Each structure stands twice: as structure tokens, then as C-alpha cells.
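Hi there,

Here is the structure I promised to pass on.

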Amino acid sequence: MLSTLQESVQFLRQQGMHDPEIGIVLGTGLGKMVDKVKIIQSIPYSRIPHFPVATVEFHQGNLIYGEVGGKKVVAMQGRFHYYEGYSMQQITFPVRVMKLLGVKQLLLSNAAGSMNTNFKKGALVLLDDHINLLPDNPLRGKNLDEMGPRFPDMSGPYSREMNMKLLHLANKLTIPLYSGVYAAVMGPNLETRAEYRFLRTIGADLVGMSTVPEVIAANHMGLPCAVISVVTDECDPDHLQPISIEEIIKIAGEADGKLSQLFEALIGEL
Ligand code: HPA
């Protein structure tokens, strides 16, 4: 595992990806952040040794290296999901590569359903905590001692410092930003009314099919991270409306401008 990671890192360095400070992972329908990057290099995943190859058509599958506000960033345009059939090792491979390339902080976005009736479609929610309901864990198996401890602490998986900065910036930019708990499920189906009721009961505000594997791997490596979810569907079990992936992508796209503005402002302050 470590040698495959190092081969990817070596390849990317040879391509000119030197010393990125911040890693970015963009979720479904949330690509506008890339427009804020002064792109130096964009490499299709398929060219990077050992990188998983993107399958879902609305993910472009490029690793982008460039500058935002004078800081070097490396951004994943399109991430990997467990429901697509990837292993947890594959899903977290790019985040581990980013860490070995030198990133000091990680920013992630995703599209999520909301069980919290205060969070309407299009709302931005900063993750304060999560519940992992995925049937697997990226740290399962022999521990990569060089990367982190066998039993990583998870008492504060989201960087307090980054979250405080994001809340402050949102206030300054008059962008409403809520805080909440995200539950990760396998998908690919959305949830039944009974499942949304269950998720709400166990303390989740949001539900989605991504992010938590990357956050676990980041915590394992001691990489501070922050996540903003865009609410794409309202999951009140007593008033549930059918929703399609097309609508989820459309709503994510409408909120993407505000999200990118916040990420750009944060990078300026890191
Ligand atoms: N459930 C799971 N994942 C999702 C949802 C949802 O309602 N909306 C966006 N991603």
C-alpha cells in the first residue's frame, strides 16, 4: 500500500505538483470551486499510477493542481463512492496521496439529504460530527503505522479552527451556514421514510453516501479537515416527496457558487 502511494506521489511530483498546501475534494454537482483555481496542471485520474478510475458520468475525474489566493492547492474533481464498487482503500487513496504530497489541510464538499427541518433545499451545512453507517472502514486490516495510529481518536474529527474560521467568514460574507451531524450510508438508493426517521432519531441532521471514509483517513493521518454539505433534498419522513438524481444535481449546482465563495475565502485565511 505504502509503495503504491509513493509511486503515485512520485509520478505527480514529476508532473510538477510540488508542495500543495491545501487538498480539496468536490462532491456531486459541486465543481465550481475549480473555476477559482488558477490551474497549473490538470491530470486525468486514468493517467495517475494506482489511482482508481472514475465511473460515474457526472464526475469528471481530474486531479487539479493550481493556486487559490496565492496558495497551492490540489483538488479532486470527482470523488469515489462505496456504492460504485470501490474498496475503502481505493476511495481514500487520493486523500492519502494528497497528504504525502504535503497538504496541511483538507476541504471537502458533498450533496446531502436533510432530516433537520430547519435545513431547506440549497442550505449550506458545516459538519460538526458524523455517524459512520457504511459497512466498512478504510482503516480495516493491517495498520499503516507510517501513516497513523492503529486506534485513531475521533473526539473531534472536524477541525475546530477551520470550522470557526468558516463560520466567521460566512457571517462576514452574509452566507447562511448551519452546523450539523452527517450520517454516511452505502446507497445507491435513497432512504425510505422509516430509514430517514431512524437516522433522525439516532442524531443525524444530514445523510449522504460519501465523505466519512476520507475524513476517517484524514484523521488517521493527523490531517485537519472541514466539510460543507449542500442540502439537496428535504427528508422529513412525514412529508417525503420523491426525488431524482437530476434534481439533486440541479440543486447542488444552484448552491455551488456560495460554497465556492466560502472555500475561496477560507483558503485565503489558512
Ligand atoms: N440520502 C442519501 N444520500 C443523499 C441524499 C439522501 O437523501 N441526498 C443526497 N445524497
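Let me start with the helices: α3 passes α6 in a right-handed crossing, meaning that the near helix is turned clockwise from the far one by less than a right angle. This is a predicted model, where local features need pLDDT of at least 70, side-chain atom pairs count only at pLDDT 80 or more, and totals for chains, interfaces and linings use all residues. Residues are numbered from 1 along each chain as its sequence is written, and side-chain values use heavy atoms, with hydrogens and water left out.

The axes of α3 (residues 160–172) and α6 (residues 245–269) come within 10 Å and cross at roughly 120°. On the α3 side, Met162, Lys165, Leu166, Leu169, Ala170 and Lys172 meet Leu262, Ala265, Leu266 and Glu269 of α6, with contact meaning heavy atoms within 4.5 Å. Seven of the residues in this contact are nonpolar, none polar and three charged.

Now the strands (DSSP runs of E, at least two residues). In β4 (residues 71–77), six of the seven residues are buried, that is, under 20% relative accessible area with a 1.4 Å probe. β4 pairs with β1 (residues 22–26) in the parallel sense over five bridges, where pairing takes at least two DSSP bridges; Ile24 has Ala75 in β4 as its bridge partner. With β3 (residues 62–68), β4 pairs in the antiparallel sense over seven bridges, and Glu67 is partnered by Lys72. β3 and β4 form a hairpin with two residues between them, and Gly69 in the turn has a positive phi of about 55°.

Best wishes

Notes
Axes fitted to C-alpha atoms, helices over the stretch in contact; angles between N-to-C directions. Helix = DSSP H or I, 4+ residues; strand = E, 2+ residues; numbered from the N terminus. Nonpolar A, V, L, I, M, F, W, Y, C, P; charged D, E, K, R; others polar. Buried < 20%, exposed > 50% of the residue type's maximum accessible area, 1.4 Å probe, protein only.
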